[in-house]
Amino acid sequence: MPFRDPVSKRAFDAVVVGGGLSGLSLASRMVELRPDARIAVVDADFDGPDHKLWSWWDRADRIHDPFPEVPRTVWRRMRVADGAWERTESLGELAYATMRSDAFRSILTGGLRAAGVTLIS
């Protein structure tokens, strides 16, 4: 049975609660798997400031990249310093990647809107 929004009276096949990393990722994947589904994402504020960094370790030869359109920074070396001493080393088979949450949210909400997903705040 579809969920019906009590305000707009629109019906949805799926409602995702939360417009952060997990919620937007889930909604994006749902659009890929069921482009005909009526999907809504509910969050307190899609347009307010969102100053987080999401970081992860991965293999240097293939950074896991489910959202290639989102800019990220990738490090394959690390530098350690204490003022009098400094050393830079390769991370070898590892890499450390970071993406900004505001860029992720902006790009994904734009894509979800274009795919017909309703964003409710």
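Reader: Why is D58 called buried?

Author: In this predicted model, D58 has a relative accessible area of 11%, and buried means under 20% (exposed is over 50%, partly exposed in between, with a 1.4 Å probe and protein chains only), so D58 counts as buried. Residues are numbered from 1 along each chain as its sequence is written, and side-chain values use heavy atoms, with hydrogens and water left out. Because the model is predicted, local features need pLDDT of at least 70 and side-chain atom pairs count only at pLDDT 80 or more, while totals for chains, interfaces and linings use all residues.

Reader: What makes the link between the side chains of D58 and R62 a polar contact?

Author: The side chains of D58 and R62 are joined at 3.4 Å, and a polar contact is a pair of N or O atoms within 3.5 Å (within protein, one must be able to donate a hydrogen and the other to accept it, and residues adjacent in sequence count only if both atoms are side-chain atoms). Contact in general means heavy atoms within 4.5 Å, and with neighbours within four places in sequence left aside, D58 is in contact with I63, H64, E93, L94 and A95.

Reader: Where does D58 lie, and why is strand 5 said to stand at an edge?

Author: D58 belongs to strand 5, residues 53–59, where a strand is a DSSP run of E with at least two residues and a helix one of H or I with at least four, numbered from the N terminus. Three strands form an open antiparallel sheet in the order 5-9-6, and strand 5 and strand 6 (73–75) each have a single partner strand, so one side of each is left without a neighbour in the sheet.

Reader: How do you know that strand 6 and strand 9 pair?

Author: Two strands pair if DSSP finds at least two bridges between them, and strand 6 and strand 9 (residues 94–100) have three, in the antiparallel sense. W75 stands opposite Y96 in strand 9.

Reader: Is L91 buried or exposed?

Author: L91, in the loop between strand 8 and strand 9, has a relative accessible area of 15% and is therefore buried. Beyond its neighbours within four places in sequence, L91 is in contact with W57, W75, R76, R77, M78 and Y96.

Reader: What is the mean pLDDT of the protein?

Author: The mean pLDDT is 90, and 99% of the residues reach 70 or more, where pLDDT is the predictor's confidence in each residue, from 0 to 100.
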